[in-house]
Structures are given as C-alpha cells and as structure tokens.
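Welcome, and thanks for taking a look at this one.

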Amino acid sequence: MAQEKEQMKETSNAQRPTPNVERSEHPTSGVERSALNVGRFLWRILDFVVAGIFIYAGVLKAIDPVQFASDIDNYKLLPWPVSVAIAFYLPWLEIFCALGLVFRFLYRGALSILSASIVVFTLATIAAKARGLDITCGCFGHASQHWSFPAHLATNLGILAGLLALLFKATRRNRLQNSV
Amino acid sequence: MKSSLVAQAVILAAFALLPAAGEAIYFRDKISWRSAIAPSEMVTVEQAREWGNTAIWVDARPDDDFANDHVPGAISLNEDRWNELLPQFLAAWTPGKKTVVYCSSLSCNASREVAHRLRKDAQLSDVFVLEGGWEAWLKKKNR
C-alpha cells in the first residue's frame, strides 16, 4: 500500500509541467501530441520549401557566375571586381545555408544569413527601380529575367516572411531549451 | 548545435569560401576581375594596331570628346545618338572587318555597352573592346 502511494506520487510529479517549459512542448493527451506533430511537420515543410527555393536559385547562379556578375553590375551599386567576388561567393553561401535548413545544421545562422541576403536584394531592387534602371535581378538566373518589379518584390517578401517565421520559431525554441 | 547565432553564421560563411574559390579558379579565363568584358572580347592597343586596315575603330565617347581628338579614321558611335550614328557606321563597315570600340579609360562602360549593342542589335561578330580605351591609345600612340 505504501509502495503504491509512492508510485502514484512519482507519476503525478512526472506529469506536472516544468515551470519554465511551455505546456505545448510536453503534451499530455493524444490530441495535443498529434496537434504538436502536425505543427512540427508543417514547420519542417516550410524549412524544405525555403531551402528548395535557395538551392534552386543558388545552383542557377553557381553554374553561370559570368551572367550573375553582369546582373549584379547592372545595379550600378558596386565596382566590377566586387560584383565578380559576390557572383562566385553568394550562390555557394545560399546553397550551404539552404542545406543547413534541410539538415538542421547551424540552423539559426543559416536562417539569419538568408534573411539578410533577401533583405539586401530587395533593397537593391527597390533602389534600382527608384533610379529608373530597367534590370533583371538575377535572383533566379534567366528564369527571373522577365519578372516585373511587383513580382520580384512579392516573391522576395514572401520568402522573407517564411524565413522570419522560421527564425522566430527557432529562437523561441532555443530560449526555452536554454532556460530548462 | 548550441553555438551562438553569430558563430553559426561565421562558420557557414567560411564553408562557402572553399567552393567559391574553386569556381573562381575554374572560370578564370571566362571572366575578368578588372573589367566586365570577357578576356576573349578585349584587345590591346598593340594587337589592334597589327590588324591595320582589317579593323574599323569606333569611338564610343560623347560627341565633344570625339570632336576634340580621336583615333585616326575612327567613327563616332555613342549611345546618346545611337539611331543617328549607327547607319553611318554600317556604311563604313564591310564584312570580315574587325570592330574595335573604345571609350575614355579602363573604368568606362560606354565601349562595353556599344560593343554589346553592335553584337546584339546589329548582329555583328568580331567586335572587340580596346583595353584601357583612349588613355591607353594616347600612351602608346608614339611608340
């Protein structure tokens, strides 16, 4: 009897949520657990979608760095040698960061770099438009050559929204883990 | 991976350097670090001189600069008056002739743009950009 009491005491302690950890991270019921799994699955899908976009964009640019250097030069913001250096470097950075999202390796670093790069590209596109330059952004190689300015902007903002959502989620999870 | 966000970003940035350096070596003959023109589309003053009468010179600088001085026999063709000047150039051009386009200096873009338009709009082949432009010509004209 005393042993049974002790067992019950242990069970109730185990089920009690840790004060610093959200309840959703430790679901008690099957419904909560499956809802959590669906949530995790959707976040993972978003990881793959964003990673796929950057791998596609990165590979297109990596196989034709000459064209990409020319696209960067069209913005008339940077000297030619800098455009060349970026044309060689940026596609690989995008590919590595995208792989970071897929394999959850250096995850938050990858998200921050991709967010920063999309912000820079968006600002450069807006600046080019404001100066009346009719240019191709070069973001997706020749595939984006005939995109209109609103299409560029909408695509970039959509990707940025996905990245920021993932970054917010990852930062929150990291804080929770650190607080336990 | 519990390293800080900045450390993670630095590691990724460092990883990307390696394939980028490899690609830069692989493409070294297809892209120039000094100018936006591919090495195969550039010509030096010495090379262009050797072509003699088989080359036609095109001055892509503004009209005032052309009026001041230009390469002997050069034809003015700039983007400001493209539609007006192109027929004059085409009248002087004959098939088989190489076209050498120049602008002020190494850093100017006009020769590159004009050469690009001659290839694209006028469908000409054998269009070259003079390395160093008018400045290089001046330095070497008396040698």
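Which strands of chain B does helix α5 of chain B lie across? Helix α5 (residues 110-120) lies across β2, β4 and β5 (127-130) of chain B, and runs at about 175° to β5(B). Please keep in mind that this is a predicted model.

**Chain A at a glance**
- Of the 180 residues in chain A, 28% are buried.
- If you take the contacts in chain A between residues at least 6 apart in sequence, 69% of them join residues at least 24 apart.

**The sheet of chain B**
- Chain B holds an open sheet of five strands with parallel pairing, in the order β1-β5-β4-β2-β3.
- At the edges stand β1 (42-43) and β3 (75-76) of chain B; each has a single partner strand, so one side of each is left without a neighbour in the sheet.
- Strand β2 (residues 55-59) of chain B pairs with strand β4 (residues 98-102) of chain B in the parallel sense, over five bridges.
- To find your place in the view, look for W57(B), which stands opposite V100(B) in β4(B).

**The largest nonpolar core**
- The largest nonpolar core has 62 residues, and those with the most contacts inside it are C97(A), A110(A), V101(B) and L130(B).
- Helix α4 (residues 80-103) of chain A gives the largest share of this core, with 12 residues.
- Domain 1 (1-30) and domain 2 (39-140) of chain B both give residues to this core, so the core lies between them.
- Leaving aside residues up to four places away in sequence, V101(B) touches V58(B), A60(B), S111(B), V114(B), A115(B), V127(B), V129(B) and L130(B).

**A closer look at E94(A)**
- E94(A) is found in helix α4 of chain A.
- Is E94(A) buried or exposed? E94(A) counts as buried, because 27 C-beta neighbours lie inside 10 Å and the cut-off for a buried residue is 20 or more.
- Which residues does E94(A) touch, not counting those up to four places away in sequence? They are F54(A), A57(A), G58(A) and S117(A).
- E94(A) and A62(A) are 32 residues apart in sequence, and their C-alpha atoms are 9.9 Å apart in space.

How values were computed:
Residues are numbered from 1 along each chain as its sequence is written. Chains are lettered from A and ligands numbered from 1 in the order in which they are written. This is a predicted model: local features need pLDDT of at least 70, side-chain atom pairs count only at pLDDT 80 or more; totals for chains, interfaces and linings use all residues. A residue is buried if 20 or more other C-beta atoms lie within 10 Å of its own, exposed if 12 or fewer, and partly exposed in between; C-beta atoms are placed from the backbone. Two residues are in contact if their C-beta atoms, placed from the backbone, lie within 7 Å. A nonpolar core is a set of buried Ala, Val, Leu, Ile, Met, Phe, Trp, Tyr and Cys residues joined through C-beta atoms within 7 Å. Helices (H or I, at least four residues) and strands (E, at least two) are DSSP runs, numbered from the N terminus. Domain bounds come from an automatic or database domain assignment. Two strands pair if DSSP finds at least two bridges between them. Axes are lines fitted to C-alpha atoms, for helices over the stretch in contact, and angles run from 0 to 180 degrees between N-to-C directions.
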